[in-house]
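Please read the structure below with the text beside it.

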Amino acid sequence: NRATAKRLIERYFRQLTEGCGNSNCTNEFCASCSNCQPLDNNAAAAKALDLFKVNAKLCDYYPSVESRSDENSLLGSKMSAEEFSDVHYLTEHTVCRILSRCEEEGNYSALIHVIGRIFSNADALIKSFRKEEPSGTKNLDSLQSKEEEKQSDQSSEKVFSSASSPDETPNGVPNSCEPTVDIDAVRRVYDKLLSIDQVESALVNALIYLTPNVELDLEYLDVYETNPDYLNIFIIVMENSNLHSPEYLEVALPQFCKAMSKLPLIALARLSKLWSTCGLPHIRRMMETFQQLITFTVLSNEYGMENLVNDDETVVAATKCLKVVFYASILGGEVDIEHNEEDDEDSESDELTLHELLGEDRLYKKGPRIDPLEKELGVRPIDCIKPLIPFEDFINESVNEVIEMDKDFTFFKVNAETKFSFQSCPFILSVITKSQGLYYDNRIRMYSERRLTALYSMVQGQQPNPYLRLKVRRDHIIDDALVRVSLSTSKVLACLH
């Protein structure tokens, strides 16, 4: 979309004017490369637009390191960064080794460079923190050469592809929610990294550089279809317990939610199944992270008839991400999926057929719509006896205060393919807001029934009468009313046939 394209063009502009920070950069379209020709701002802007059109290479991000007055410290910083330049993915052992080295020197620049470079690159992050470490990473006391790294990557791909093949579907996507990333190792690494202020900034900046490319890959290249391990990116990022902090809320987390909302349905279902096994504290943390982003965004903006909350990309994306957590809470709780299958098999009535003839079937279709994620997971909220997180905790009051329910109802019934409706994520709505939706639904149904009555009268050659008149005895009001309604219904069905 336009916002994503704008961000990418800005990245190309910064790359042309500021560089990536890597002194050994070989990208001729990066200011850090010795072969790059200096450009003024106007020329760089024009060049950035050309690079975007041809999808030119974007450099990995190298966070800048604060300058020191001591030349020996600068020299040591440069040497440390170059020393770990052959690290192309992370393992818990690798991080601990680099961290130990930095603590010895009292300088975290090498760790900052490695974290920034890996966490800003999708391919590097996908290969990181695997459950089974590639053979080349077991002996990390001696640094890997490029050839060893290449062989290690190839052997790793073979191991994981063969391990997952028994559970794969015909299109190569695993049926199991079991990830190839070692979640426990990721959590231990975050515990170590988040205690260092400089590393926190590197993680924020890396996420800002990572997510636009991930969003484009998912939206236009269908990367998950060819590599289901692409989901590892979202698993690793969501284990960051500081995502709710102000440093992430303004830019990094909104971009990440937009990228996550682009995941295909089967990937979202895998993610929901995985999170359902993570335990209550982790699921609640994720829920609170998305809720905080929604609340922060709503309170930071003004909404009205001309500026609907439904059009806010950040709120919409975060709500879609919250839906994944909502179903994870259901799956992780007590569920009774052996419901009466007759409830799922509503036979179409003749009245519905008439609505179809009038072109109104989408407005008056009986029963609630089945959410695609609900169908993919094979579980319904109504089947949940006790979720991990109470349903009321998913209600966001800030959204309920600004939502225009008449507009939202129209989007839900008519423009569902082009406009987002919060009624497709009803868990976020309060009872009062839902009752407003029911009010509009009942009003439209009432007008529809009046039109149908007029049509029946015209078919029968009678004067149009939109009202149902019943003659009942005072002492037998209920019995007579039921009999009369039954007779009226029989006449309508006979008329249709």
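This is a predicted model. The relative accessible area of I478 is 63%. Exposed means over 50%, so I478 counts as exposed.

Now turn to F129. This residue sits in the loop between α6 (122-127) and α7. Is F129 buried or exposed? Its relative accessibility is 2%. Buried means under 20%, and therefore F129 is classed as buried.

Which residues is F129 in contact with, leaving aside neighbours within four places in sequence? They are L90, T91, E92, V95, F119, T180, V181, D182, V186, V189 and I236. Take V186 from that list: F129 and V186 are 57 residues apart along the chain, yet 6.6 Å separates their C-alpha atoms.

The last topic is confidence. The mean pLDDT of the protein is 78, and 72% of the residues score at least 70. Among the elements, helix α11 (residues 232-238) has the highest mean pLDDT, 97, while helix α7 (residues 146-164) has the lowest, 43. Across residues 133-175 the pLDDT is below 50, and the model gives this stretch 53 contacts beyond near neighbours in sequence. Residues 62-79 also stay under 50 in pLDDT, with 19 contacts beyond four places in sequence.

Methods: Residues are numbered from 1 along each chain as its sequence is written. This is a predicted model: local features need pLDDT of at least 70, side-chain atom pairs count only at pLDDT 80 or more; totals for chains, interfaces and linings use all residues. Side-chain values use heavy atoms; hydrogens and water are left out. Buried means under 20% relative accessible area, exposed over 50%, partly exposed in between (1.4 Å probe, protein chains only). pLDDT is the predictor's confidence in each residue, from 0 to 100. Helices (H or I, at least four residues) and strands (E, at least two) are DSSP runs, numbered from the N terminus. Contact means heavy atoms within 4.5 Å.
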